[in-house]
Amino acid sequence: MARIETPNRIRGTQDIFGEEQRRFARVLETFDHVRKLYCFQRVDIPVFEATGVFARSMGETSDVVSKEMYTFEDKGGDLITLRPEFTAGICRAYITEGWQQYAPIKLVTSGPVFRYERPQKGRFRQFHQLDAEILGAADPAADVELLVLADQLLRELGIEDVTLQLNTLGDAETRDAWRSALVAHFEAHKDQLSEDSLVRLEKNPMRILDSKDPKDRPIADSAPDIDAYLTEEAAAFFKAVTDGLDAAGVQWTRNSRLVRGLDYYRHTAFEFVTDKLGAQGTVLAGGRYDGLVGNLGGPETPGVGWAAGVERLAMMIAEPAAENPDVIIAVEDDRALGHSQRAIRLLRDNGFSADMIATGSPRKRYDKAAKVNAKVLVSFRLQDDEVVTNIRSATPTDEYVRVSQLLESLA
Ligand code: ATP
Ligand code: MG
């Protein structure tokens, strides 16, 4: 007989179950709680967009656009990409939905994103992000608010040992001047750069600064800092951000090598980094992207935002307690099944979580129910054709009283 081949899970995807599912849920609930405290509204946007949305906003030379996008032609011949991040899609929506009328607008979203990468611990091809953005706010207070939000999120998740690394990439004038200085420095040490960085030198020289190749590090580390090139405005902007963080009590350190992968960053760039996750140490990252909406053909609109990896956050939180029902029902006699079904419906209608054990050997059902970690154990059996109800609780709780009252009301 021919063996039927079992299907495989696609490499880099996940089936999220059990403890992992509880960890995910905790991260998402906490994010929803904190975003409300900061008065950010939730949006949901499409999982796929026209490829140009990402290609134009993230930059053709970025790792994501040049190597990592899931792009395909749909049946109508349109070029489609599964979102590799949220920012570009949110900016597209800002333009097409006319959200300018609400500016400044504070938004969050979350969900799956897709990148064709080599899967490893903390790195998947379909992973999940939390995302927070402020559009239409040019002042550094917006950067501060987003960073304080991120800091509170991490604290409420109980995640410690994370450092906020902060840098400025300046304004356009700063960036151009710094870029020229970097190119001069790297050109002078061309023979000591890795293959990849030689390509970066042509296309995106700033990316050499955050190269992970050990061969590049000495040249990257000795490259000129941006500080000497900051315009007065750019310097004042960065000072306002750091002053705001200090005022709000958020710890940070300067990392003058932090440039982030995407072309669209201006001024503030940041990463929350841990050494607990090996090479996948960045849990949350973002920055200011004032040119992005304009680049996509929309009105010139300042923007700032961040994204966090749900998988990486979920790995760092304490294990959430298992979900146990308030009430477990043992149906000790099949003739009591109808009564049990009425009872469990009544309990659930009244807000109790409840489950029922009504299969397998009737004599073993009580013991099975006793092993469930419920607050109240109810059993139904038959005596002289009458249903006999037994209610047990480890400690006499409020639940015990309420459950008893509800079950008494069942004739
Ligand atoms: P990395 O340097 O780890 O590739 P990145 O700079 O590409 O990260 P961002 O584009 O800033 O990441 O995405 C924001 C966050 O999403 C990251 O800080 C990380 O927590 C998470 N993340 C990014 N790529 C993956 C992935 N492939 N699998 C799981 N989480 C990811
Ligand atoms: Mg990446």
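Modeller: Glu49 belongs to strand S2, residues 48-50; strands here are DSSP runs of E with at least two residues, helices are runs of H or I with at least four, and both are numbered from the N terminus. The relative accessible area of Glu49 is 7%, so this residue is buried (buried means under 20%, exposed over 50%, partly exposed in between, with a 1.4 Å probe and protein chains only). Its side chain makes a polar contact of 2.8 Å with that of Arg92. A polar contact is a pair of N or O atoms within 3.5 Å; within protein, one atom must be able to donate a hydrogen and the other to accept it, and residues adjacent in sequence count only if both atoms are side-chain atoms.

Before the other pairs, note that the model is predicted: local features need pLDDT of at least 70, side-chain atom pairs need 80 or more, and totals for chains, interfaces and linings use all residues. Residues are numbered from 1 along each chain as written, chains are lettered from A and ligands numbered from 1 in written order, and side-chain values use heavy atoms, with hydrogens and water left out.

Side chains of opposite charge can pair when their charged atoms come close. The salt-bridge rule asks for a side-chain nitrogen of Lys or Arg within 4 Å of a carboxyl oxygen of Asp or Glu, and the count by this rule is 27. In helix H5 (residues 140-156), Asp151 and Arg155 are four residues apart, which means about one helical turn between them; their closest N and O atoms are 3.2 Å apart in a salt bridge. Asp151 is buried at 15% relative accessibility, whereas Arg155 is exposed at 55%. Helix H3 (residues 63-68) holds Asp63 and Lys67, also four residues apart, about one turn. The closest N and O atoms of that salt bridge are 3.6 Å apart. Here Asp63 is partly exposed at 28% and Lys67 is exposed at 53%.

Another salt bridge joins Arg42 and Asp44, at 2.8 Å from N to O. Arg42 is partly exposed, at 34%, and Asp44 is exposed, at 57%. Asp32, Arg35 and Lys36 are linked in a network of salt bridges.

Now the ligand. Ligand 1 is surrounded by 16 residues, the closest being Arg115, Glu117, Arg123, Phe124 and Arg260; a residue counts if one of its heavy atoms lies within 4 Å. The shell divides into six charged, four polar and six nonpolar residues. In that grouping Asp, Glu, Lys and Arg are charged; Ala, Val, Leu, Ile, Met, Phe, Trp, Tyr, Cys and Pro are nonpolar; the others, Gly among them, are polar. Strands S6 (126-135), S10 (282-288) and S11 (303-309) each supply at least two shell residues, and S10 gives the most, with four.

Oxygen atoms of ligand 1 lie 2.5 Å from a polar side-chain atom of Arg260, 3.1 Å from a side-chain N or O atom of Gln129 and 3.3 Å from a backbone N or O atom of Val283. Ligand 1 taken alone exposes 580 Å², of which the protein buries 87%; the areas come from the Shrake-Rupley method with a 1.4 Å probe, and for residues only the protein chains shown count as cover.
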